[in-house]
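Could you walk me through this model, one selection at a time? I have the viewer open and would like to know what to click on next.

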Amino acid sequence: MIGNLDLNQLQVIWWVIVSLVGGLFIAMTFVQGGQTLLATVARTETEKSLIINSLGRKWELTFTTLVLFGGAFFAAFPLFYATSFGGAYWVWILILFTFIVQAVSYEYRKKPDNLLGAKTYEVFLFINGSVGLLLIGAAVGTFFTGSNFHLNDYHYVTWTNPLRGLEAAFSLFNLSLGFFLVFLARVLGALYLTNNIVHADLEQRLRKASLLNLIYSLPFLLYVLIDLVMMSGFSVNPATGIVAMEKGKYLHNLLAMPVQGLGFLLVGLVLVILGVVTNAFTEKRGGIWFGGVGTVLVVLAIFFTAGLNNTPFYPSKFDLQSSLTIHNASSSHYTLTAMSYVALAVPFVLAYIAYVWRAMDLRKMSKEDLDGENAGKLY
Amino acid sequence: MVEHLNLSMVHWARAQFALTAMYHWLFVPLTLGLTFLCAFFETLYVKTNNEEWKRIAKFWITLFGINFAIGVATGIILEFEFGTNWSNYSWMVGDIFGAPLAAEGIFAFFIEATFFAVMFFGWDRVSKKFHLFSTWMVALGANLSALWILVANGWMQHPVGMAFNPNSARFEMKDFWAILLSPAAIDRFTHATSSGFLLSSLFIITVSSWFLLRKRNQEMAKKSIIVACIFGLLASGFVAFTGDESAYSVAHYQPMKLAAMEGLYHGEKGVGLVAFGILNDQKEPDNDKDPFLFEVKIPGLLSVLANRSPGSFVPGIDDLLYGNPSENLVGYNQRIADGKLAITDLAAYKKAQKNGDKTAAQAALASFNQHRDNLGYGYLTSVEQAVPPVPLVFYSFRTMVILGTLFPILFLLFLIYTYKDTIAEKKWLLRLGFLAVFFGYFASEAGWIVTEVGRQPWAIQDMLPVSVAHSNLTTGTVQTTFFMFLILFTTLLIAEIRIMLKQIKIGPEGE
């Protein structure tokens with residue numbers, strides 16, 4: 001069946017896959033959110049250990065999802081990989097830095113002779129959860145606000161802003177999206193930790209934190225949504241391939257895709273809110289599932305708005321015609337087909353992750369885990 | 001394609017890749033091999049129910065975890081560095097190169113990430129058998145990830161299964177299986193992973209030797225040594241076999257690399273292999289100086305290694321650069337001239353297409369197709385540019401091979417004396433064993449230098465020189481990130497070594 005798909009269909013399918021991986025990554029940033037909650041929610045060394053060890057069993061999955069997101073973009077839309085990473089250089093380098101320091105922090109924080117001291121590794125985790133996500137949000141924001149680059153006939157990129165990507169953080173829209181992601185991650189972190197840890201005091205604070213952080217995120221969310229539907233967007237003429245500005249483009253996109261655009265966005269947001277409300281006002285622990293699924297839906301809606309319905313997903317405001325669409329930035333028909341067969345493995349991957357996750361979380365994390373037989377090996 | 005050649009930027013980008021890759025490779029071999037060793041120890045525990053094996057498994061798993069974290073940290077940058085520093089590469093071959101990277105994520109990284117948590121924290125959360133299964137899955141996942149990235153590397157050594165598309169001005173995939181099953185890819189995978197097994201066995205020898213010298217944990221040390229020596233011996237044999245296969249494929253697909261490995265300037269029939277030698281630094285291509293100040297050759301062996309035939313011809317650097325009509329070798333000088341025509345034709349084709357001039361476009365395309373095979377050569381500015389740094393490649397190759405030959409002897413000695421139970425008295429051997437892993441690292445990193453420096457000036461053999469593969473960045477930018485990585489990775493390495501040493505000193509639980 002995959003062999004019969006034409007190039008256009010494959011390009012759309014791969015945009016959906018990349019969006020889905022992006023959505024799963026953002027849902028999994030409950031790890032990053034938990035890392036920043038460490039500073040505000042944990043009051044004792046025991047509480048800190050509970051949070052770190054609960055997140056410590058999951059951080060690699062989030063990390064791997066980010067790596068897969070990069071890999072999938074490279075395989076499916078290599079021109080984006082070349083243009084954005086080679087062009088918006090500093091923003092990506094800084095994002096990577098925050099993930100490099102995260103990768104050692106869980107393992108090294110508590111180990112004796114760790115050179116930098118536990119505090120430094122906690123700061124690393126905080127930077128990853130704050131600066132890292134803020135910059136990712138700013139980078140995704142440029143899908144709508146555009147970047148400053150020019151591609152020559154051979155697709156060689158010239159970036160025309162000397163800040164090399166960091167300029168993304170000077171747009172109110174991009175910045176708001178970044179802050180929204182930081183607070184959303186904290187909401188998800190609080191939901192996840194409520195579900196994963198048994199500890200009365202901590203639980204109470206986590207339930208409160210999920211609500212508070214949702215409230216903090218609202219101004220940023222509202223700014224992003226209002227600006228998104230009001231702003232002029234980039235639009236590509238499917239017949240000529242010429243890119244032009246269109247008033248209310250992204251509103252048009254949301255409406256043109258009533259299910260997967262506006263529908264996913266609204267249902268997603270409602271699910272996240274529902275997750276938080278159950279978490280804050282009832283004794284139930286399952287809020288993370290609503291929050292997680294809701295987040296995936298919201299990210300899908302945002303990516304679909306950015307890249308489908310004749311929209312260049314990586315627009316250049318310096319030279320409109322250099323903008324990247326899912327059609328001009330994609331891999332060849334052969335590669336997309338081959339990769340689609342590879343992607344058939346994804347459900348199996350999700351299945352074994354779910355199985356192992358369930359087996360490991362059957363018993364909630366509690367104080368007993370911290371002084372049990374394997375206490376010496378904990379994070 | 002690239003309007004301004006910025007060679008100093010290219011050098012810094014290469015230096016950065018070398019830095020990050022060599023740091024990463026400090027941790028990868030242990031991830032590849034130590035997981036299997038941990039899985040062996042744990043299997044012995046589950047089979048025998050002997051708690052001692054569990055203690056041993058847990059001890060090595062702890063060391064594995066410390067190494068694994070920094071391996072992950074140094075690994076992520078490599079994936080994204082293709083985009084940040086080598087963006088033209090990413091575009092030119094992304095259609096082919098991106099696929100294995102994505103497959104690596106789907107097929108390998110998730111296995112590692114998922115089962116890693118069970119391996120470390122699942123002892124009292126899942127059944128004994130499921131824990132063992134998880135440890136094996138981590139080993140499998142680690143080695144599967146090596147498969148995909150080394151398939152990508154093998155493709156850079158010997159690009160197959162693709163064609164240049166003049167409309168998109170890039171290379172596009174035509175045959176996924178040809179890329180996956182290419183001999184160069186299989187050689188890279190088998191040689192690199194088995195060298196990782198070997199290095200991990202040396203790591204266990206080093207740590208166990210230290211325990212025996214200190215008269216601590218002697219039972220654990222001896223048990224570990226036996227398992228590591230058997231694994232190390234098997235790995236050594238496999239490393240030698242796959243090394244021979246690699247040399248054979250280098251001889252066919254990268255003759256310039258082979259010539260540099262051997263310091264061979266004038267090709268001959270029945271040429272010998274230089275066992276030891278000191279290169280003459282006055283030697284340049286096409287001058288008549290002797291390449292060696294001193295050399296010891298094994299007659300006829302290079303011909304055997306390269307072509308599996310003792311009297312066969314092996315081309316030298318001069319034959320490749322300037323051609324050798326009697327061996328039907330077209331020189332690089334001719335290929336460069338041909339490549340320049342391809343570049344001009346491609347530009348003419350692009351221009352005609354833009355102007356809507358179909359006749360001119362077709363003419364340009366027809367001419368381009370005649371020269372397209374040498375397109376990459378057109379970006380070289382002189383034939384001498386096509387010669388990799390001979391001394392670095394030559395000496396690295398010898399470091400790798402000589403050390404690689406000594407390791408099985410070391411494993412054998414350790415095995416014999418441990419079996420006789422006299423190992424604790426052999427202080428000289430234990431002192432040597434204590435140094436083993438450091439020699440292992442020399443050999444392993446030297447191997448990568450041969451592979452990567454030997455391919456210069458090509459990012460992708462015969463197709464894309466490094467000078468056109470880079471991003472449009474200033475030298476200062478790449479220098480800045482080079483030093484950022486240098487400082488960060490060095491700090492993390494020091495932290496890692498200190499933590500590792502402390503954990504070794506602490507030893508297994510309940511000592």
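**Before you start**

This is a predicted model, in which local features need pLDDT of at least 70 and side-chain atom pairs count only at pLDDT 80 or more, while totals for chains, interfaces and linings use all residues. Residues are numbered from 1 along each chain as its sequence is written, with chains lettered from A and ligands numbered from 1 in the order in which they are written.

**Stop 1: chain A**

Helices here are DSSP runs of H or I with at least four residues, strands are runs of E with at least two, and both are numbered from the N terminus. Along its principal axes, the C-alpha trace of chain A spans about 65 × 45 × 45 Å. Its radius of gyration is 21 Å, which agrees with the value near 21 Å that a compact globule of 379 residues would have. That radius is taken over C-alpha atoms, and the globule rule is 2.2 Å times the number of residues to the power 0.38. Of the 379 residues of chain A, 57% count as buried. Buried means that 20 or more other C-beta atoms lie within 10 Å of the residue's own, with C-beta atoms placed from the backbone.

**Stop 2: a helix in chain A**

Now select α10 of chain A, residues 249-256. Which of its residues are buried? They are A:Lys249, A:Tyr250, A:Asn253 and A:Leu254. These residues lie on the same side of α10(A), because they cover an arc of only 140° around the axis; the arc is that of the directions from the helix axis to the C-beta atoms. An α-helix has 3.6 residues a turn, so residues three or four places apart point the same way. To see what covers the buried residues of α10(A), show elements including α7 (118-145), α9 (200-230), β3 (232-236) and β4 (243-247) of chain A.

**Stop 3: where the chains meet**

Bring chain B back into view. The contact takes 62 residues from chain A and 65 residues from chain B, where two residues are in contact if their C-beta atoms, placed from the backbone, lie within 7 Å. On the side of chain A that touches chain B, α4(A) gives the largest share, 11 residues.

**Stop 4: chain B and its domains**

Chain B has 15 helices and eight strands. Its C-alpha atoms fill a box of roughly 80 × 50 × 40 Å along the principal axes, and buried residues make up 53% of its 511 residues. Colour chain B by domain: domain 1 (7-254 + 388-506), domain 2 (260-324) and domain 3 (332-379). These bounds come from an automatic or database domain assignment. The C-alpha centres of domain 1 and domain 2 of chain B lie 31 Å apart. Between these two, 12 residues of domain 1 of chain B are in contact with eight residues of domain 2 of chain B. On the domain 1 side, α7 (218-253) and α13 (390-419) of chain B each give two or more residues.

**Stop 5: a hairpin in chain B**

Finally, zoom in on β1 (residues 162-165) and β2 (residues 170-173) of chain B, which run antiparallel and are joined by four bridges; strands pair if DSSP finds at least two bridges between them. B:Ala163 stands opposite B:Glu172 in β2(B). The hairpin has four residues between β1(B) and β2(B), and B:Ala169 in the turn has a positive phi of about 55°.

Notes. A residue is buried if 20 or more other C-beta atoms lie within 10 Å of its own, exposed if 12 or fewer, and partly exposed in between; C-beta atoms are placed from the backbone.
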